[in-house]
Structures are given as C-alpha cells and as structure tokens.
Amino acid sequence: MLNSKQRSYLRGLANRISPIFQIGKGGLEENLLKQVEDALTARELIKISILANSEIDAFEAMDKICSKLKCDGVQVIGNKIVIYKKNKKSQKIELPE
C-alpha cells in the first residue's frame, strides 16, 4: 500500500511517460492483463489510456486491474490511469519513505 508521499512521487514520474496500452471496446481481456503484468514487471510504473468506445470507465478499469494483478493504483486523470507494482527481484524505482 502506498502512502501519500510515495503516491505523489510516482505521479511526478508518470508525467513524463506515455500510455503504453489502450483499453477499448474489448475491455479487460486475459491477454491484455497478461501484457500489463509483463510491462509492470519490466517497468514498475505504467500508464494506460481508456478509449471513448470502452464499456468501462477509468476508475472501474483501475480497480479491476489492481485487484487482478495485485498492484497499486496511483492516479486517474480523465481517461488515463497510472498503476505501480514493485518488482521484488530488480527494483527500478526507489520510493521515498
């Protein structure tokens, strides 16, 4: 679980990254979840864009992704979500205490 200082730090890092996935009409399929999990393992912090034709909104998408992949939701801004999952083997992002 992230505290407010850590969440704020991650939001700052997320400003500089672009969305690497889009959730559209197909919604959250198993294939997409596997790709998101692989990206979280490699990067720890990712941004996902929710398209206008998607059946779920950004908050709902973040809740479902975080519950299935056991990751932390950092923020929702409009149609974009930012999620974080610490890589226990090779940590790339050093969070403040």
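Lys70 sits in the loop between helix 3 (58-69) and strand 3. Helices (H or I, at least four residues) and strands (E, at least two) are DSSP runs, numbered from the N terminus. The model is a predicted one, in which local features need pLDDT of at least 70 and side-chain atom pairs count only at pLDDT 80 or more, while totals for chains, interfaces and linings use all residues. Residues are numbered from 1 along each chain as its sequence is written, and side-chain values use heavy atoms, with hydrogens and water left out.

Lys70 has a positive phi of about 55°, although it is not a glycine. Most residues other than glycine have a negative phi. Lys70 counts as exposed because its relative accessibility is 67%; exposed means over 50% relative accessible area, buried under 20%, and partly exposed in between (1.4 Å probe, protein chains only). Glu44 also has a positive phi, of about 75°, and is not a glycine. Glu44 belongs to the loop between helix 2 and strand 2. Is Glu44 buried or exposed? With 0% relative accessibility, Glu44 counts as buried.

Helix 1 (residues 4-14) comes next. Its buried residues are Gln6, Leu10, Leu13 and Ala14. Seen down the axis of helix 1, these buried residues fall within an arc of 100°, so they line one face of the helix. The arc is that of the directions from the helix axis to the C-beta atoms. An α-helix has 3.6 residues a turn, so residues three or four places apart point the same way. The face of helix 1 turned away from the buried side carries the exposed residues Ser4 and Lys5. The cover over the buried residues of helix 1 includes strand 2 (45-50), strand 3 (72-77) and strand 4 (80-84). At the start of helix 1, a side-chain oxygen of Asn3 comes to within 3.1 Å of the backbone nitrogen of Lys5.

Gln6, in helix 1, counts as buried because its relative accessibility is 13%. A polar atom of the Gln6 side chain lies 3.1 Å from the backbone oxygen of Pro96. Leaving out residues up to four places away in sequence, Gln6 touches Met1, Leu95 and Pro96, where contact means heavy atoms within 4.5 Å.

Ser49 lies in strand 2 and counts as buried, because its relative accessibility is 9%. Ser49 touches Pro19, Phe21, Gln22, Ile23, Asn79 and Lys80, again not counting residues up to four places away in sequence. Lys80 is in strand 4 and is partly exposed, with a relative accessible area of 32%. With residues up to four places away in sequence not counted, Lys80 touches Pro19, Lys47, Ile48, Ser49 and Gln75. Lys80 and Gln91 are 11 residues apart in sequence and 24 Å apart in space, C-alpha to C-alpha.

The last topic is empty space. Rolling a probe the size of a water molecule over the atoms shows where empty space is left. On a 1 Å grid over the protein atoms alone, a pocket is an open set of points where a 1.4 Å probe fits, with protein on both sides within 12 Å along at least five of seven lines; lining residues have an atom within 4 Å of a point. Grid points are joined across faces, edges and corners, and a volume is the space filled by probe spheres set on the points.

The largest pocket has a volume of about 230 Å³. Among the residues lining the largest pocket are Glu37, Leu40, Thr41, Lys70 and Cys71. Which helix gives the largest share of this lining? Helix 2 (residues 30-43) does, with three residues. The lining of the largest pocket divides into three nonpolar, two polar and seven charged residues. Here Ala, Val, Leu, Ile, Met, Phe, Trp, Tyr, Cys and Pro count as nonpolar, Asp, Glu, Lys and Arg as charged, and the others, Gly among them, as polar.

The second largest pocket has a volume of about 180 Å³. Its lining includes Met1, Gln6, Leu95 and Pro96. By class, the lining of the second largest pocket has five nonpolar, two polar and four charged residues.

Notes
Polar contact = N/O pair within 3.5 Å; in protein donor to acceptor, adjacent residues only side chain to side chain.
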